[in-house]
Amino acid sequence: MIVVMKQGASQAQIDHMVERVQSLGLKPHVLVGVERTVIAAIGQERPEQKEALESGSGVAEVLPILAPYKMASVEVKRDRTVIRAGSLEVGGARVGVIAGPCSVESQQQILDCAHAVKSAGATALRGGAFKPRTSPYSFQGLKEQGLKFLAAAREATGLAVVTEVMATEDVSLVSEYADVLQVGARNMQNYRLLEAVGKSPRAVLLKRGPSATMEELLLAAEYILDAGNPNVMLCERGIRTFEAHTRFTLPLASVAYLHAKTHLPVVVDPSHGTGHTYLVPDMAVASVAAGADGLILEVHPDPEKAMSDGYQSLNFEQFANTIARCRKVATALDRVM
Ligand code: PEP
Ligand code: MN
């Protein structure tokens, strides 16, 4: 449930209610909003707890949270969450653009990409150092060496680094180098990993599992929020359907749906969502039109030679043209890109 404090409630009243929530066996999370402060009281609820909290001084009302996800829901927090991680801002007026290769392949490759995507308007650099590959014989990533190349590219360009963390035991290592930890689609329901990134000081980009429902995605986000990390961006990257004309099916209705259900920002990945370079630009434009707070796009200096996902990567020119088109839509919708 949520304890909604009266407008102008004092800090002492808020602190007192936090203690009351704890003493009733629930976990308090204080959310200071523009209009009101609410204390989310999370845990196994009992009817008598509501009455006990309602009588607290400075309390306006106590409401149930109907959604199964609590901290992620708009019932708890009406103001949209704006995430800032270095040069990347997601969730405000600005549409974040995370771009770069699927995999970090060499120092030169990631540096060239960083310079090119930055000059075309990217606000963060992506690149996988730990790669989740379907086959154990495919390129698995440069691991820590790749993280070092990413950090050097940040040094050279000022772009924030977004990179995947695949395992709980790697969270502290990846957090040393990354500005944003990407939890990949295959790991969306790896609950230990979600708890671990929830304890990291870094923002998290949580990708939707290819067969996960919206509710499962939001409950996965809830794990991260509940572990103490409020900076979670959700990423629609396509789901598995009977369709074969695209690698995955990219449902853009999830952007509108998520905006109705959660305060967390929503990023769209048209690269994995379509799996074909020629479909990416139009779907990137459509994502911005649907209200996406950010895009994540695979860009490679020479997609034909990419060590992973070249068939869905844009070259530098295609990326620049795509962003120029997206920008027109963003401007029409009063957003900055
Ligand atoms: C990626 O971003 O390169 C990636 C592996 O994405 P996903 O987890 O969505 O498949
Ligand atoms: Mn990829």
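User: Where does N229 lie?
Analyst: This is a predicted model. In it, N229 lies in the loop between α7 and β12 (232–236).

User: Buried or exposed?
Analyst: N229 has 3% relative accessibility. Buried means under 20%, so N229 counts as buried.

User: What is N229 in contact with, leaving aside neighbours within four places in sequence?
Analyst: V197, G198, S200, R202, V204 and I224. V197 and G198 belong to α6 and I224 to α7, and these three also take part in the contact of the two helices.

User: OK, at what angle do α6 and α7 pack?
Analyst: About 45 degrees, with the axes 7 Å apart. Helix α6 spans residues 191–198 and α7 residues 214–226. The two are therefore oblique to each other.

User: Left-handed or right-handed crossing?
Analyst: The crossing of α6 and α7 is right-handed.

User: Which residues make the contact?
Analyst: From α6, Y191, L194, E195, V197 and G198. From α7, A220, Y223 and I224. They divide into six nonpolar, one polar and one charged.

User: Switching to the metal. What are the protein donors of the manganese ion (ligand 2)?
Analyst: C102 through SG, H272 through NE2, E298 through OE and D309 through OD.

User: How are the donor residues spaced in sequence?
Analyst: As C-x169-H-x25-E-x10-D. C102 is in the loop between β7 (96–100) and α3 (107–120), and D309 is in the loop between β14 (294–298) and α11 (316–332). The pair therefore ties together parts that are 207 residues apart in sequence.

User: And C102 and D309, buried or exposed?
Analyst: C102 is buried, and D309 is too.

Terms used: Residues are numbered from 1 along each chain as its sequence is written. Chains are lettered from A and ligands numbered from 1 in the order in which they are written. This is a predicted model: local features need pLDDT of at least 70, side-chain atom pairs count only at pLDDT 80 or more; totals for chains, interfaces and linings use all residues. Side-chain values use heavy atoms; hydrogens and water are left out. Axes are lines fitted to C-alpha atoms, for helices over the stretch in contact, and angles run from 0 to 180 degrees between N-to-C directions. Helices (H or I, at least four residues) and strands (E, at least two) are DSSP runs, numbered from the N terminus. Angles under 35 degrees count as roughly parallel, over 145 as roughly antiparallel, 65 to 115 as roughly perpendicular and the rest as oblique. A crossing is left-handed if the near helix is turned anticlockwise from the far one by less than a right angle, and right-handed if clockwise. Contact means heavy atoms within 4.5 Å. Ala, Val, Leu, Ile, Met, Phe, Trp, Tyr, Cys and Pro count as nonpolar, Asp, Glu, Lys and Arg as charged, and the others, Gly among them, as polar. Donors are N, O and S atoms within 2.8 Å of the metal (3.2 Å for Na, K and Ca); water is not among the atoms, so sites may look incomplete. Buried means under 20% relative accessible area, exposed over 50%, partly exposed in between (1.4 Å probe, protein chains only).
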